[in-house]
Amino acid sequence: MDATVAVPGSKSLTARALYLAAVADSPSTITGALDARDTRLFADALEVMGARIEGAGQGALRVTPMPLPPRGGRIDCGLAGTVMRFLPPLAALATEETLFDGDPQAYARPLGPLLDALARMGASVTYHGQPGHLPFTIRGPLRTPLGAQAWVDASSSSQFLSALLLVSPLTKAPLFVSAPGRVPSMPHVEMTLACLANAGVDLEVVDEGNADLATWHIFPSRPRGGDISVEPDLTNAGAFLAAAMVTGGRVTIPAWPGRTTQAGDAWRALLGHMGARLTLDEHGLTLAGPGAWNYPGINATMAQVGELTPTLAAVCAYASTPSRLTRIAHLRGHETDRLAALAAEINRAGGQAVEETDGLVITPGPLRAATIRSYADHRMAAFGAILGLVTPGITVDDIACTAKTLPGFEAMWRSMVSGQGPRSAGGSPASVPEGGE
């Protein structure tokens with residue numbers, strides 16, 4: 001394998017760009033935005049609230065902001081965590097009711113801590129099923145008097161905290177936003193804060209360095225409109241890097257940023273520690289892999305980069321020594337219970353994976369032909385595709401679910417395997433991220 005794979009825009013950055021553009025003080029143009037089911041659902045929801053978004057699938061989105069407070073209506077969340085978590089606080093600014101519903105699988109995803117936080121701020125929440133889950137109706141307005149404080153338990157999802165941070169500048173007075181305890185996937189919170197700051201929102205950190213309480217002071221203003229550029233999705237890029245890792249091939253991801261808030265940048269350290277040769281230059285990031293059984297396993301604390309776990313687990317299944325991935329209990333609340341799913345599918349293919357309270361232990365061994373179940377989870381489908389590069393007879397039951405965040409995955413995968421000519425790469429293994437070994 002020797003290929004260059006151009007990865008579409010970051011889903012996380014696209015959602016934040018759409019949100020801020022939809023509530024900005026003037027129109028915006030977003031380039032590089034991901035065009036996938038999740039982002040289309042997000043854009044559709046913002047249009048229900050009153051924004052106008054044009055140009056989907058044409059390379060640039062033109063966003064006309066909504067009036068504030070937003071309109072009510074019915075919002076289809078699909079299986080998109082950004083829709084079901086980022087947008088209820090925005091809807092809670094309105095006195096009209098907004099109904100949030102989604103795919104049946106989305107009913108299992110936890111929302112209670114966020115909705116409880118909004119209720120403490122004066123919102124009315126009516127559940128139409130299990131409390132703390134979709135479907136529900138929300139109505140405001142939020143009460144944010146001078147000196148008001150909002151707090152949310154974000155221990156199960158950093159999206160709860162990002163949701164409050166995003167809505168905070170739209171309230172009538174400065175707001176203190178807190179998250180007691182440890183927050184998983186903090187790079188996503190840092191991404192939210194960077195996007196707010198880039199849009200001209202005035203904010204300051206309070207209690208910096210306190211591991212048990214993170215607080216931010218957000219000052220009211222509408223974000224600044226203008227031109228927004230979205231980076232490639234580095235998390236999605238991981239499947240293609242992993243392909244080179246397990247086959248002993250080489251893959252280049254163009255336009256890899258030198259500095260970024262994306263959690264996916266951790267691929268450089270994680271795979272470098274396992275023996276990949278990496279080069280970051282004007283061509284992008286190039287990874288040359290050692291091939292299955294030719295690299296060691298890894299002991300890594302994944303709390304801040306949990307979304308990388310399914311892809312990393314596929315790499316660990318073909319290592320020469322066991323791996324242990326920890327601090328990922330929050331993955332049970334993703335599209336599926338990813339810890340249980342990964343253990344089940346590795347074992348289904350004849351491997352050995354043990355699910356722990358907050359992690360996975362993977363002991364590599366020869367795998368056999370099997371049908372890998374995706375559980376309607378795009379990350380699990382990509383996990384199965386990686387296994388299929390090494391073990392004959394591995395199939396994936398629903399590769400189409402990758403369209404959730406990466407439309408055209410199948411065509412990209414075929415093109416990568418066919419290769420696009422010889423290339424050269426070099427470099428030394430990257431440094432190990434904090435928490436890794």
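This is a predicted model: local features need pLDDT of at least 70, side-chain atom pairs count only at pLDDT 80 or more; totals for chains, interfaces and linings use all residues.
**Before you start**

Most peptide bonds are trans, and most residues other than glycine have a negative phi. Keep that in mind at each stop.

**Stop 1: L68 and P69**

Select L68 and P69 and look at the peptide bond that joins them. Is the bond cis or trans? From L68 to P69 the bond is cis, and omega is near 0°.

**Stop 2: G140 and P141**

Next, select G140 and P141. Here you will find a cis peptide bond, with omega near 10°. To place P141, show β8 (136–139) and β9 (149–151): P141 belongs to the loop between these strands.

**Stop 3: A255**

Move on to A255 and check its phi angle. Phi is near 65° here, a positive value in a residue that is not glycine. Where does A255 lie? You will find A255 in the loop between β14 (250–253) and α8 (267–273). A255 has a relative accessible area of 54%, so it counts as exposed, the cut-off being over 50%.

**Stop 4: A376**

Finally, select A376. Although A376 is not a glycine, its phi is positive, at about 55°. Show β21 (370–372) and α11 (378–387), and you will see A376 in the loop between them. Is A376 buried, partly exposed or exposed? Its relative accessibility is 22%, so A376 counts as partly exposed: buried would mean under 20%.

Terms used
Residues are numbered from 1 along each chain as its sequence is written. Side-chain values use heavy atoms; hydrogens and water are left out. Helices (H or I, at least four residues) and strands (E, at least two) are DSSP runs, numbered from the N terminus. Buried means under 20% relative accessible area, exposed over 50%, partly exposed in between (1.4 Å probe, protein chains only).
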